[in-house]
Amino acid sequence: MRKVEVEVPGERVLTEKNSRTLVTLLESVVSDGTGKRAAIPGYRVAGKTARLEGHWRGYADDRYVGIFGGVAPATRPRLAAVVVINDPAAVSIMR
């Protein structure tokens, strides 16, 4: 991976006010909600968890996919990541 030295062209799709509100809501997912395990001491982390149940696209009925997408630090993100865990019930850290 390498750093992008030039400005990346883009188009704003949310107002600055709505963007700030959204990041604040996503921070609460990490500080007070289902994304607590993504917290990093000393950093403001914003993210969203999701769970895709068995009926999603023919996946096994007794299994699911756990997903977390987030950014840090939330005030001026330098890192963005998405974590996908197939059948997290089989992973002891998720219990």
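Glu27 counts as buried because its relative accessibility is 14%; buried denotes under 20% relative accessible area, exposed over 50%, and partly exposed in between, with a 1.4 Å probe and protein chains only. The residue belongs to helix H1, which covers residues 16-32. Helices (H or I, at least four residues) and strands (E, at least two) are DSSP runs numbered from the N terminus.

The side chains of Glu27 and Arg44 are joined by a polar contact of 2.8 Å, that is, a pair of N or O atoms within 3.5 Å; within protein, one must be able to donate a hydrogen and the other to accept it, and residues adjacent in sequence count only if both atoms are side-chain atoms. Leaving aside residues up to four places away in sequence, Glu27 touches Arg44, Val45, Ala46 and Ala74 (contact: heavy atoms within 4.5 Å).

## Basis of the values

The model is predicted: local features need pLDDT of at least 70 and side-chain atom pairs count only at pLDDT 80 or more, whereas totals for chains, interfaces and linings use all residues. Residues are numbered from 1 along each chain as its sequence is written, and side-chain values use heavy atoms, with hydrogens and water left out.

## The sheet

An open sheet is formed by 3 strands in the order S1-S2-S3, with antiparallel pairing; two strands pair if DSSP finds at least two bridges between them. Strand S1 (46-52) and strand S3 (79-86) are the edge strands, each pairing on one side only.

Strand S2 (residues 65-72) is joined to S3 by 8 bridges. Gly70 has Ala81 in S3 as its bridge partner.
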